[in-house]
Amino acid sequence: MSGRPGEDSLIARFFAPLAAEGGHGLKDDAASMSPTPGHDLVLTTDAVVESVHFLPGDAPGSVARKALGVNVSDLAAKGADPKGFLLSLALPDDWTEAWLEDFAAGLGEAARDFSCPLLGGDTVKARGALTLSVTAIGELPAGTMVRRTAAQAGDVICVTGTVGDAALGLKLRSQPGWAAGLSPEEREFLADRYLHPRPRHLLAPAVRRFARASMDVSDGLAGDLAKMMRVSGVSAVVEAELVPLSPAVRRAVEQDPDLLDRVMTGGDDYEILCTVPEKNLDSFRKEADSVGIGLSVIGRVVSGATLPVFRVSGSERRYDVGSFSHF
């Protein structure tokens with residue numbers, strides 16, 4: 001570290017320009033925030049670790065976008081609008097100013113895209129892998145947070161965007177041979193979906209108005225659905241042909257049907273998975289259309305305590321190990 005700038009100069013150079021008014025330009029030890037009268041704050045935190053959540057050599061701006069994006073995704077699934085975030089950054093011994101400059105540029109771009117400014121944090125040197133922890137803060141009208149525990153039998157199950165892109169994007173990077181039949185554009189699309197989550201924060205107001213239970217798909221559609229059904233005390237039936245697939249994933253599954261299980265269980269989609277009373281469905285669809293977010297109905301909540309059933313080509317599958325694990 002000899003000759004390198006200290007923490008104060010790093011903050012002033014790279015991160016202070018990103019800070020909102022509530023962060024006091026990162027010149028103090030803490031930030032202050034007053035919620036809008038009649039509103040609750042929603043807080044979430046996720047760590048992003050090299051070789052676990054991203055690969056060594058990933059572009060610094062991509063790492064930054066993922067670190068913030070996965071937290072904004074959690075807020076969106078609760079129906080909360082982003083208000084700001086705190087960042088803890090543990091840099092390995094071989095960090096460089098060029099890496100940090102690119103990281104800060106990517107972080108600033110993501111913060112603007114997600115309307116989620118930097119409020120404060122901490123920067124340290126640490127032995128071992130590069131590690132980032134983001135705590136994101138959201139806001140919503142008091143008492144309107146959408147929990148994952150409230151699904152009821154009869155609700156329809158909805159998911160935004162497309163499923164399985166990131167799982168195949170990661171597989172493409174670790175085992176590229178399987179994707180020989182995909183076009184360069186399809187391979188690029190899948191890789192980008194793994195690197196750059198697209199949190200559905202623009203849908204947050206509609207989630208809190210129309211959804212009964214909600215969470216984001218971070219650890220795999222099958223596993224996250226099972227979690228939501230279990231804590232709600234119900235089960236689900238999913239029609240696999242209704243699960244939204246991108247053209248790239250659809251082509252991959254057509255070439256190798258065994259990939260379907262990976263699509264249903266792989267992580268890092270960061271789409272919103274929610275249950276909606278049928279009377280709210282049309283209004284929810286209109287809100288999603290108005291902000292340009294695709295919304296698909298994939299099944300229905302049913303009574304029972306078994307794992308969700310996925311109906312696939314006349315057969316039924318239950319995924320007993322249905323999600324990505326961090327351990």
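Residues are numbered from 1 along each chain as its sequence is written, and side-chain values rest on heavy atoms, with hydrogens and water left out. Because the model is predicted, local features require pLDDT of at least 70 and side-chain atom pairs count only at pLDDT 80 or more, whereas totals for chains, interfaces and linings use all residues. The mean pLDDT (the predictor's confidence in each residue, from 0 to 100) of the chain is 91, and 92% of its residues reach 70 or more. Over residues 323-327, pLDDT stays under 50. For this segment the model has eleven contacts (heavy atoms within 4.5 Å) beyond four places in sequence. Where pLDDT is low, the predicted coordinates should not be read in detail.

Helix α7 spans residues 221-232 and has twelve residues. The distance from its first C-alpha to its last is 16 Å, close to the 16 Å expected at 1.5 Å a residue, where the expected span is 1.5 Å times one less than the number of residues. Ten of the twelve residues of α7 are buried, so the helix is largely enclosed by the rest of the structure. Relative accessible area defines these classes: buried is under 20%, exposed over 50%, and partly exposed in between, with a 1.4 Å probe and protein chains only. The buried residues of α7 include Leu221, Leu225, Met228 and Met229, as well as the charged Asp224 and Lys227. Just after α7, Gly233 adopts a positive phi of about 75 degrees.

Strand β1 (residues 39-49) contains Leu43, which counts as exposed because its relative accessibility is 59%. Together with Met33 and Leu41, Leu43 forms a nonpolar patch on the surface, with about 260 Å² of accessible area in total. Thr45 also lies in strand β1 and, at 45% relative accessibility, counts as partly exposed. Beyond residues up to four places away in sequence, Thr45 touches Asn71, Ser133, Val134 and Thr135. Thr45 and Val134 are 89 residues apart in sequence, yet their C-alpha atoms are 5.6 Å apart in space.

Side chains of opposite charge can pair when their charged atoms come close. A search of the whole structure identified 17 salt bridges, each defined as a side-chain nitrogen of Lys or Arg within 4 Å of a carboxyl oxygen of Asp or Glu. In one of these, Asp81 pairs with Arg208, the closest N and O atoms being 3.3 Å apart. This pair links distant parts of the chain, with Asp81 in strand β2 (residues 81-91) and Arg208 in helix α6 (residues 204-210), 127 residues apart. Asp81 is partly exposed at 26% relative accessibility.

Glu278 and Arg300 also meet through their side chains in a salt bridge (3.3 Å, N to O). Here Glu278 lies in the loop between β8 (271-276) and α10 (281-290), and Arg300 in strand β9 (residues 295-302), 22 residues apart. Glu278 is partly exposed, at 49% relative accessible area, as is Arg300, at 34%. A further salt bridge joins the side chains of Asp192 and Arg198 (2.9 Å, N to O); Asp192 is partly exposed at 26%, and Arg198 at 32%. Asp165, Arg193, Arg200 and Glu271 are linked in a network of salt bridges.

Conventions:
Helices (H or I, at least four residues) and strands (E, at least two) are DSSP runs, numbered from the N terminus. Patches are made of residues with over 30% relative accessible area and no salt bridge: like charges are joined within 9 Å, nonpolar side chains (Val, Leu, Ile, Met, Phe, Trp, Tyr) within 5 Å. Accessible areas come from the Shrake-Rupley method with a 1.4 Å probe; for residues, only the protein chains shown count as cover.
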